[in-house]
Amino acid sequence: MDDLTGRWRELNRASWDERVGIHLNGSFYDVEGFRERRDSLKDFEKAEVGDVTGRRLVHLQCHFGLDTLSWAARGAQVTGLDFSAPGIEAASDLAAALGIDARFVASDVYDAVSALGGQTFDIVYTGFGALNWLPDLTRWAAVVTELLAPGGFLYLAEFHPFSFVLDDETGRTVTHDYFDEGPHISGGPGTYADETAVTENDMTIEWDHMLSSVVSAIAGAGLRIEFLHEHDHTFYLQRRSLVRHPREIYRHPAGASRYPLTYSIRAGKP
């Protein structure tokens, strides 16, 4: 276990490198549809971040850049950063094909400050499914703070950790320990975007960070929490008990008691 955990970066990068091509060509990310609409952002993200015209935005853990390019299409001056070189290459190629001005940098998120040459930004953005790949939130929050210019803000949108402690079929029974943050070893072929895909690099290491750990790391890094919003919907079949609605939104069944499925945080740098 310790030997595997010590290889978390190597194992996770190999997994993501292999899955870039699968994600690019599959229906989950709908890259062809993105070429037309140029918007992969969620409605509440756009509303909570607000006008980004002319603002410098860095997207940490950007994968192959759909959200990054969406912010660029809304007028931001964007930089995307990810530790997967194939992901960054794909993002750069897509930006060039669409004629969108965007910069993409291959780097581990913990090395972002040096990789970006000490540049600071008005907005640091991190989207869904990012924090579970990081072992140290205190270090991550320190990087975010250093990347922000005075008066700038972090905007984080993530899957709510409480939803993952419940059973898959009904979403009504606690079956996992909320306070066990990991590390957890996961394995198995395929990907959330295509469970039937043939893959080789299938072992990954993840962490289930409590909401209190996220908030405490951000506040401890000197950022001021402006809001924490919890949302009753999500964007994939997070629990089999959820019901699909238009635009790939999943909600609790009608009449069922609700619990948060996603959350968003905005925190400013004085």
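Is F159 buried or exposed? F159 is buried, at a relative accessible area of 18%. Buried here means under 20% relative accessible area, exposed means over 50%, and partly exposed lies in between (1.4 Å probe, protein chains only).

1. Basis. This is a predicted model, in which local features need pLDDT of at least 70, side-chain atom pairs count only at pLDDT 80 or more, and totals for chains, interfaces and linings use all residues. Residues are numbered from 1 along each chain as its sequence is written, and side-chain values use heavy atoms, with hydrogens and water left out.

2. Strand β5. Ten of the twelve residues of β5 are buried, so the strand is largely enclosed by the rest of the structure. Helices (H or I, at least four residues) and strands (E, at least two) are DSSP runs, numbered from the N terminus. β5 pairs with β4 in the parallel sense over five bridges. Pairing requires that DSSP finds at least two bridges between the strands. V124 stands opposite L154 in β5. The chain crosses from β4 through α8 to β5, and this β-α-β crossover is right-handed. That term applies if, with the strands pointing away from the viewer, the path from the first strand over the helix to the second runs clockwise.

3. The β12 partner. β5 also pairs with strand β12 (residues 262-268), in the antiparallel sense and over seven bridges. Here L154 stands opposite A267 in β12.

4. Helix α8. The buried residues of α8 (residues 137-147) are L137, W140, A141, V143, V144, T145 and L147. They pack against β1 (56-60), α7 (112-115), β4 (121-126), β5 (148-159) and α9 (211-220). D136 caps the N-terminal end of the helix: a side-chain oxygen lies 3.1 Å from the backbone nitrogen of T138. A polar contact is a pair of N or O atoms within 3.5 Å; within protein, one must be able to donate a hydrogen and the other to accept it, and residues adjacent in sequence count only if both atoms are side-chain atoms.

5. Aromatic pairs. The structure holds 18 aromatic pairs. Rings of Phe, Tyr and Trp (its six-membered ring) pair if their centres lie within 6.5 Å; planes under 30 degrees apart count as stacked, over 60 as edge-to-face and the rest as tilted. F44 and F235 have ring centres 6.1 Å apart and planes at 40 degrees, so this pair is tilted. It links distant parts of the chain: F44 is in helix α4 (residues 43-49) and F235 in the loop between β9 and β10, 191 residues apart. F44 is buried at 11%; F235 is buried at 14%.

6. F128 and F159. This pair is also tilted, at 5.1 Å centre to centre and 45 degrees between the planes. F128 lies in the loop between β4 and α8 and F159 in strand β5, so the pair ties together parts 31 residues apart in sequence. F128 is buried, with a relative accessible area of 18%.

7. Open sheet. Three strands form an open sheet in the order β9-β11-β10, with antiparallel pairing. β9 (233-234) and β10 (243-245) stand at the edges with a single partner strand each, so one side of each has no neighbour in the sheet. T234 stands opposite Y250 in β11.

8. Residue S70. S70 is in helix α5 (residues 66-73). S70 is buried, at 0% relative accessible area. Leaving aside neighbours within four places in sequence, S70 is in contact (heavy atoms within 4.5 Å) with F34, R38, D39, S40 and L41.
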